[in-house]
Amino acid sequence: MIRRSVISTGATMLVATMALSACGTRGGDSGGSGDGDGGGDKKVVKIGVISPLSGDLSALGLGIQHSVELAAEQANESGDLGDWEIEVVPEDDEGKPEVGKNAASKLASDPEVVGVVGTLNSSVAGPVQPILDKAKITMVSPANTNPTLTRGAKPDDSPERVYASYFRVCTTDTVQGPFAARYLYEKAGIKELATVHDKKTYGQGLVDAFSEEYKKLGGKIVAAETINPDEDKYDAVVSSLKAKNPKAVYYGGEYPQAAPLSQQLKAGGLKVPLMGGDGIFSPEFIKLAGKGSDGDLATSVGAPTESLDAGKKFLDDYDKAGYSDPAEAYGAYAYDAGQSIIEALKVSLKDADTVEDARQATIDAMKDVSFDGVTGKVAFDEYGDNTTRVLTAYEVKGGKWTDVNTEEFK
């Protein structure tokens with residue numbers, strides 16, 4: 001399932017035969033096949049990927065991996081980095097903080113790694129951040145939404161950047177939660193509902209941000225429940241919610257738990273829409289939840305990929321590359337995360353003899369990165385957050401996610 005150092009394009013497979021020497025050069029004495037010309041030696045620079053490549057969330061993680069591989073392959077073909085060639089090194093975090101920490105340590109110990117795209121989970125990002133920061137390795141997440149990762153323990157009252165090496169291309173829960181609240185209250189006309197979260201960093205943070213805005217608008221939260229993410233039977237929660245008769249359920253968490261919760265709510269007689277954040281925005285949610293998922297809702301960062309010209313090209317390029325796994329919800333964001341590192345490398349590698357020489361320079365160059373990505377404009381504020389705050393609400397219709405509202409959050 002996991003392909004290491006392999007980047008696909010079309011029906012062909014380009015296997016990077018790169019020496020693992022400290023200097024990072026590849027030539028005729030490296031044991032590889034060579035480039036076929038006397039002056040074609042390339043210096044290797046590595047971009048790591050930390051995401052769940054196995055387990056319940058592997059569909060999202062593999063889409064992230066392959067999208068970074070696509071960005072790297074296109075950069076190598078363009079020759080924009082001169083005599084440097086990018087190798088992608090994927091590491092599986094299984095969606096678990098301790099496993100992610102080990103993956104970060106492994107990448108940090110490799111002198112050829114300059115940047116990392118990841119993580120998927122905010123709870124995994126926490127222990128990964130300090131390891132990569134200490135090694136002066138740039139980290140760009142396509143999916144972390146917890147605001148404390150960029151703005152510290154008090155993101156609203158006294159924001160403070162903790163790690164200068166950390167950036168993200170997605171919006172945060174302080175935007176996504178209120179966006180969902182406004183959609184349900186103002187557009188869907190739902191004035192009372194229940195909330196459920198999985199007690200993890202992402203899920204709880206999303207529900208907290210949602211609840212604050214929903215109540216501010218005048219909405220009533222009739223019940224606030226939690227589930228154990230290691231379980232798949234939620235009888236007690238379903239019974240409790242049914243007794244309160246909410247008009248919708250807002251869920252903070254990811255699709256492996258959201259799908260059976262939705263299914264069990266409907267089976268228990270509470271036939272109301274379940275709405276979640278980007279963690280449930282996956283075809284896997286619909287597959288697991290079944291036909292009863294029609295009417296369920298999700299928000300996700302950015303405009304629908306297929307609605308943008310650049311997004312359409314990305315999806316077409318991804319399809320032509322022949323990956324065995326779809327790009328999924330974060331593919332386009334992972335591509336832009338990888339591209340942001342590549343844009344910084346165009347500056348940091350110019351005067352670097354080794355990758356380690358370029359690490360701090362890459363972090364410094366990230367501050368000035370600005371380009372039109374496949375998800376929209378990509379640029380970072382003083383905290384490392386993307387300056388673009390566009391979100392979309394989706395509804396399951398006829399067994400497919402259909403966008404129903406896209407706008408910039410203000």
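User: Where does Asp110 lie?

Analyst: Asp110 sits in the loop between helix H2 (97-108) and strand E6 (113-118); helices (H or I, at least four residues) and strands (E, at least two) are DSSP runs, numbered from the N terminus. This is a predicted model, in which local features need pLDDT of at least 70, side-chain atom pairs count only at pLDDT 80 or more, and totals for chains, interfaces and linings use all residues. Residues are numbered from 1 along each chain as its sequence is written, and side-chain values use heavy atoms, with hydrogens and water left out.

User: Is Asp110 buried or exposed?

Analyst: Buried means under 20% relative accessible area, exposed over 50%, and partly exposed in between (1.4 Å probe, protein chains only). Asp110 has 19% relative accessibility, so it counts as buried. By contact (heavy atoms within 4.5 Å), Asp110 touches Lys46 and Arg359, leaving aside residues up to four places away in sequence.

User: What about Ala224 in strand E10?

Analyst: Ala224, in strand E10 (residues 220-226), is exposed, with a relative accessible area of 63%. Its C-alpha atom is separated by 34 Å from that of Thr375, 151 residues apart along the chain.

User: Which classes of residue line the largest cavity?

Analyst: Rolling a probe the size of a water molecule over the atoms shows where empty space is left. The lining of the largest cavity has 5 nonpolar, 5 polar and 2 charged residues, where Ala, Val, Leu, Ile, Met, Phe, Trp, Tyr, Cys and Pro count as nonpolar, Asp, Glu, Lys and Arg as charged, and the others, Gly among them, as polar. A cavity is a set of points on a 1 Å grid over the protein atoms alone where a 1.4 Å probe fits but cannot get out, and lining residues have an atom within 4 Å of a point. Among the lining residues are Leu60, Glu254 and Asp278.

Technical notes:
On a 1 Å grid over the protein atoms alone, a cavity is a set of points where a 1.4 Å probe fits but cannot get out, and a pocket is an open set with protein on both sides within 12 Å along at least five of seven lines; lining residues have an atom within 4 Å of a point.
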